[in-house]
Amino acid sequence: MIELAGKLPPELNTLTSAQIDAAWPAWIARHDREIRARLERGDEDTIVNWLLFGTSFTSRPRAVLGAVETGAAGDREQVLRRTIELISARLEDLLRALAAPGTDERRLFARAFLERKGLRFATAADTEAARDYLRAAVVRVATEQDQIDQELGATSGDPLTEFVQRSTLFRTRGLSLDTSLVSNYSVEQALAAMKARGLLKPGAVTRVAIIGPGLDFADKDVGFDFYPQQTLQPFAVVDSLARLGLALSSGGPEIVLLDISPRIIEHVKQARARAAKNIGYTLNLPLPTSTPWVPEVRSYWQIFGDRIGAPVPARTSTAIAKLAELRAVRVRPSVVQQLSVLDVNIVTDRLDGQAFDLVIATNVFLYYDVFEQALAMSNVEAMLKPGGFLLANFSAPNLTSLTIRPLETTTTLYARAVNENIRDFIVWYKARAN
C-alpha cells in the first residue's frame, strides 16, 4: 500500500494500515458493485455507437465527418452542420425501429435498455423523451471522446509513450463489451514469439483464462450489425493455440471465460447448450476495405478458424459488400464445449489455485486506474500456475509488491495509414516460478 500512496481511493487514502485492513472487506464489496454499475454506461455507449454507425435500421451513411464532406476546403462549419443533420436523421430512423423492434436482437436490447430508464414508445411525448435522452447520450460520448483525444494529444507522439498513456485511458468510462478481430492477431503473434523463445512448449497449454472476452454489437469503424451478436476471442485463442501446436490435438485446451456482464455470461451458456445438441457456432468475419491492412493481417483473416471449424457462406448485401470483404466460419460443437464461463470481477475477486498456464486480457485493464490495475494483477497471479503467463495490451504499474513481472513486449503492426501506422503492443507478464 505504501507504493500506492496518493493513488488509493479517497476513502482509503487517509487511513492507517490497520484501519485499511478493517475497512477492506466492505470497500471491496462496495467497489465490486460500483464496477458492475459501469456496465450500464458501457451499454449506453454501445447504443450511441450503433446509432452513429449501424446499418441495419437505416440506409443513411455513417455519422462520421468523412461521410458528409462537402469537398470545400476549410468548410468545417458546413461539415459540422451536415454531420448534426445526419445524426438527427439517423436518430429518427432508430426511434422508428425501436417503436416496432420485431424480433431483432439489437433493437430489443436497445429498447429494453431505454425502458429501464423509464422511457416508453407509446405516444409522441414518449418518443420526444427518448429522443432527448439519446441526444444527451450522444453529446456525453462525444465530450468524453474529445477529452480522450486531448489526453493522447499531450503525449510526445512516440508510440510506446502513447501506449503507456493509453493503459488507463478509459478509467472513467463505461465498461464496453466491444471486440476486435485484429487484437486476436496480435495475441497470435505474441504466442508465436513465445514459442520461438522456448517459453511455451508444444502441447503445454492446457488451461487458459480469458478476461473480458467481449460481445460484438456494432463495429466502431464501419458499423457492422448485419449478423447475430458474437463472441470472437475465445474461438480465436483456441484456433491460434492449435495452429501453433501449443495445445494438445486431442480434446484441446480448457478455456475459462471470466466476465461480469450478464449478457456475455448468458450468451456463452446458450452457445454451450446448443453445442450439447450438436449445433455449432457461426463466426462472421468482415474485414473493412477502408483500412490499409498489412499483408500479414489479411493472411491471418483468410485462415482464421481453419483449426476449429469450416467455412460457410457469409451473410451479405450489396451495401455491406462495398464496405468489407466477408468470411464466415462454422465452429465445431466440440470446440464450443471447451468453453466455460464464470462471473468474476478481476479487480475485486480472486480465484486461488486455478493453475492456468495462460491468461489473456485485451482491451480490459485500460478501463481501470493504477490502484485497480494493481489489484487485478495480484488476482491474475493467484490464478496462474508458477511461471505462467498473462498476455495483455497495457502497461502495468511498476510496483515491487507485484511479483508478476513484464518479460517482453510484442509490437504488432495492423495497417499503414497516411498519417500514422496502426499498431498494438502485447506485454508478456510472467508469474514467479515458485
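Y281 is buried, with a relative accessible area of 6%; buried means under 20% relative accessible area, exposed over 50% and partly exposed in between, with a 1.4 Å probe and protein chains only. The model is predicted, so local features need pLDDT of at least 70 and side-chain atom pairs count only at pLDDT 80 or more, while totals for chains, interfaces and linings use all residues. Residues are numbered from 1 along each chain as its sequence is written, and side-chain values use heavy atoms, with hydrogens and water left out.

Rings of Phe, Tyr and Trp (its six-membered ring) pair if their centres lie within 6.5 Å; planes under 30 degrees apart count as stacked, over 60 as edge-to-face and the rest as tilted. By this rule there are 14 aromatic pairs. The centres of F235 and Y281 are 4.8 Å apart and their planes lie at 35°, so this pair is tilted. It joins distant parts of the chain, 46 residues apart: F235 belongs to helix α8 (residues 233–243) and Y281 to strand β3 (residues 281–284). Helices (H or I, at least four residues) and strands (E, at least two) are DSSP runs, numbered from the N terminus.

F365 and F394 make a stacked pair, 4.4 Å centre to centre with 15° between the planes. This pair also links distant parts of the chain, with F365 in the loop between β9 and α13 and F394 in the loop between β10 and β11, 29 residues apart. Both F365 and F394 are buried.

The strands β9, β10 and β11 belong to an open sheet of seven strands, ordered β8-β2-β1-β9-β10-β12-β11, with mixed pairing. Two strands pair if DSSP finds at least two bridges between them. The edge strands, β8 (339–343) and β11, each pair on one side only. Ignoring direction, neighbouring strands of this sheet are turned by 20° against each other on average; axes are lines fitted to C-alpha atoms, for helices over the stretch in contact, and angles run from 0 to 180 degrees between N-to-C directions.

Within it, E408 stands opposite W428, and T410 has I426 as its bridge partner.
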